Amino acid sequence: MMPSETGKRVVVMASMGTDVVASALRNLPDVEVVEARSEAEVLDRLEGTTVLVMMNQVYSAGLAQALRRAESVRLIQLLTAGYDRLES
């Protein structure tokens, strides 16, 4: 997937409650919201993504490795308390 025409793409990794987040983000101007239902879908959509929104329970070593290479990602927004699992 190529970068959004707007320059801002948010990938929301779908899990309980994220549909509300994705819906709210769609109300922002100049933001493309893309929902991903699996880690594979997130990995497929990282190119051109500016923000990744997710629960920390779905964070994995594979996702960490991909994020290290993802030059466009500027923010990882967790929808949970704490970030101890993101230290891998």
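Trainee: What makes strand 1 and strand 3 a pair, and in which sense do they run?

Mentor: Two strands pair if DSSP finds at least two bridges between them. Strand 1 (residues 9–13) and strand 3 (residues 51–54) have three bridges in the parallel sense, so they count as paired. The model is predicted: local features need pLDDT of at least 70, side-chain atom pairs count only at pLDDT 80 or more, and totals for chains, interfaces and linings use all residues. Residues are numbered from 1 along each chain as its sequence is written, and side-chain values use heavy atoms, without hydrogens and water.

Trainee: Why are strand 2 and strand 4 called edge strands?

Mentor: The open sheet has the order 2-1-3-4, with parallel pairing. Strand 2 (32–36) and strand 4 (75–78) each pair on one side only.

Trainee: How do you know the handedness of the crossover from strand 3 to strand 4?

Mentor: The chain passes through helix 3 (residues 61–69), and this β-α-β crossover is right-handed. That term means that, with the strands pointing away from the viewer, the path from the first strand over the helix to the second runs clockwise. Strands 3 and 4 run parallel and are joined by four bridges.

Conventions. Helix = DSSP H or I, 4+ residues; strand = E, 2+ residues; numbered from the N terminus.
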